[in-house]
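Me: I'd like to understand how strands get paired up in a structure. Could you walk me through it?

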Amino acid sequence: MKHRTAEIIREFGPFPGIDDIAGVSFDRERVWFASGDRLNALDPESGEITGSIATAADAGTAFDGTHLFQIADDAINKIDPTTGEVLATIPTPGDGGHSGLAWAEGFLWVGQHRGRRIHQVDPESGKVHRTIESDRFVTGVTWVDGELWHGTWQDGESDIRHINATTGDVLERLQMPSGSGVSGLESDGGDRFFCGSGDAGKLLVVRRPGSDSE
């Protein structure tokens, strides 16, 4: 297993009126992040919030190429990002305490925080197809280049992990600096991870190591 120190290359925020950042997603133009009672759209170049949607948004966020998905308590809402309308709702899997959310391979991947699990979920029915176990609290989930990564934050320590999507084995860890934690995770499809920072109220940008780096 590779073990590195996470390289934070940029910080956004804190933002006025936003005390806590939870889920994070990226629509190839804007970073969307959940802050309790709304989803916020941020321009990752300027760092400015360019819009928001008033909706329950207390955990993971995902984007399927057209729609946003947002965890709201015990439900996952499918949202039109233009109008903010909730188009459909499915139940969250497991027994509560959900965190990260990602879209990949036609499925939603739902992190269960203290349950230390990631569920592969049918976005139409909510059916759980399989579950991946973790040995740490799961605080964010993302896919990039066929790789499954998730955030952890437990006992004052946080990291970003590349795991085997079949076995759950940890292949690589990016250790966050002391005082920094991951409360939501998304890839830009390239060499950046966007990370929520919990009640620090900031959005962190962490460099994703190249596949050929040692």
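Reply: Two strands count as paired if DSSP finds at least two bridges between them. Helices (H or I, at least four residues) and strands (E, at least two) are DSSP runs, numbered from the N terminus. This is a predicted model, where local features need pLDDT of at least 70, side-chain atom pairs count only at pLDDT 80 or more, and totals for chains, interfaces and linings use all residues. Residues are numbered from 1 along each chain as its sequence is written, and side-chain values use heavy atoms, leaving out hydrogens and water.

Me: What makes β5 and β6 a pair?

Reply: Six bridges join β5 to β6 (residues 49-57), and the rule asks for at least two, so they pair. The two strands run antiparallel, and R38 stands opposite A54 in β6. Their hairpin has six residues between the strands, and G47 there takes a positive phi near 80°.

Me: How do you know that β4 and β5 pair?

Reply: β4 (residues 31-34) and β5 (residues 36-42) share four bridges in the antiparallel sense. V31 has L42 in β5 as its bridge partner. One residue lies between the strands of this hairpin.

Me: What makes β20 and β21 a pair?

Reply: Five bridges link β20 (residues 192-196) with β21 (residues 203-207), again antiparallel. Here F194 stands opposite V205 in β21.

Me: Why is one side of β2 and of β19 left without a neighbour in the sheet?

Reply: The open sheet has four strands in the order β2-β21-β20-β19, paired antiparallel. β2 (8-12) and β19 (184-187) stand at the edges with a single partner strand each, so one side of each has no neighbour in the sheet.
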